[in-house]
Amino acid sequence: MKSIAIMGASGHCKVVADIALLNGYDDIVFIDKNPEIDMLGEYPVADEDTDLDYYLQHHYDFVVGIGDGKIRRKVQEHLEEMGADIVTLIHPAATVAYDVTIGEGTVIMAGAVINPGTAIGKGCIINTSASVDHDNVIGDYVHVSVGSHTAGTVKVGDNCWLGIGSIVSNNIDLCEDVFLCAGTVVVKNIEKPGKYAGVPARFVPF
Ligand SMILES: CC(C)(COP(=O)(O)OP(=O)(O)OC[C@H]1O[C@@H](n2cnc3c(N)ncnc32)[C@H](O)[C@@H]1OP(=O)(O)O)[C@@H](O)C(=O)NCCC(=O)NCCS
């Protein structure tokens, strides 16, 4: 029996559970705060307040299935404090080069490609069909959304969210806490946290 607890009970969690299943986990539970449902798909949903200790004591593996980066960080840091065994999940249809390093709690989804020389931090999501090219340094709790691409030698600071279909050109640095709106194309370094949109990317107030 291979057991995993996935924190959260959202649609994103269902995708994480599918990856867990493909990685040989046959005992899967979701854990949510004040859950309104007992089951998500075919897996049970437990209550974080009353049930988390049980799964910690029974040495389940853990991963956080929460899209919001701030909450994902908070929940993973709590699990770390509790001494949980936090795992990395890689979809078998993702392509990860031999020397890529990946932090704990990171989930790599189907069709993602990560090329040689790249380091991915902890608690990241490299989402469906995203690509991270060679020699990138991706910080902690970064989300590279569905179909987003970073070219060679890109640095992405902690907590950044590269929205769906966004592109970061080669040799670009993004500082921490940058949100790229859907379809943004970054061609110059970004040194100020905040929201950016358009082609080429511009800081936006909305
Ligand atoms: C940026 C975003 C969060 C804005 O959502 P919102 O707060 O609901 O804002 P609105 O849709 O009301 O748009 C506000 C303005 O920004 C513009 N805008 C919204 N998204 C934009 C984008 N991606 N690029 C450029 N402009 C954008 C809108 O046209 C609108 O402009 P207007 O005031 O001139 O009409 C959203 O469009 C987005 O990009 N989300 C990313 C979703 C994503 O990546 N999910 C991950 C899936 S894996």
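Q: Why is the pairing of Lys122 with Glu80 called a salt bridge?
A: The term requires a side-chain nitrogen of Lys or Arg within 4 Å of a carboxyl oxygen of Asp or Glu. The closest N and O atoms of Lys122 and Glu80 are 3.0 Å apart. That is within 4 Å, so the pair qualifies. The model is predicted, with local features needing pLDDT of at least 70 and side-chain atom pairs pLDDT 80 or more, while totals for chains, interfaces and linings use all residues. Residues are numbered from 1 along each chain as its sequence is written, and side-chain values use heavy atoms, leaving out hydrogens and water.

Q: What makes domain 1 and domain 2 separate domains here?
A: An automatic or database domain assignment sets the bounds. Domain 1 covers 3-87 and domain 2 covers 90-204. Their centres, taken over C-alpha atoms, lie 24 Å apart.

Q: How do you know that domain 1 and domain 2 are in contact?
A: Contact means heavy atoms within 4.5 Å. By that test, 18 residues of domain 1 touch 19 residues of domain 2. The rule also finds 1 salt bridge across this interface. It finds 7 residue pairs in polar contact there, both at pLDDT 80 or more. (A polar contact is a pair of N or O atoms within 3.5 Å; within protein, one must be able to donate a hydrogen and the other to accept it, and residues adjacent in sequence count only if both atoms are side-chain atoms.) On the side of domain 1 that touches domain 2, helix 1 (11-22) and helix 3 (69-81) give two or more residues each. Helices are DSSP runs (H or I, at least four residues), and strands are E runs of at least two.

Q: What area do domain 1 and domain 2 bury between them?
A: About 1,400 Å², with 54% of it on carbon and sulfur atoms. Buried area is the accessible area (1.4 Å probe) that two parts lose on being put together, summed over both. In domain 1, Ile19, Arg72 and Arg73 lose the most, together 38% of what that side buries.

Q: What makes the link between Lys33 and Asp49 a salt bridge, and where do the two residues lie?
A: Their side chains meet at 2.9 Å, N to O. The pair links distant parts of the chain, 16 residues apart. Lys33 is in the loop between strand 2 (27-32) and strand 3 (39-40), while Asp49 is in helix 2 (residues 48-57).

Q: Which residues surround the ligand?
A: Among them are Asn127, Ser145, Trp161, Ile164, Phe179 and Ala182. Being near takes one heavy atom within 4 Å. An oxygen atom of the ligand is 2.7 Å from a polar backbone atom of Ile164. A ligand nitrogen is 2.8 Å from a polar backbone atom of Ala182.
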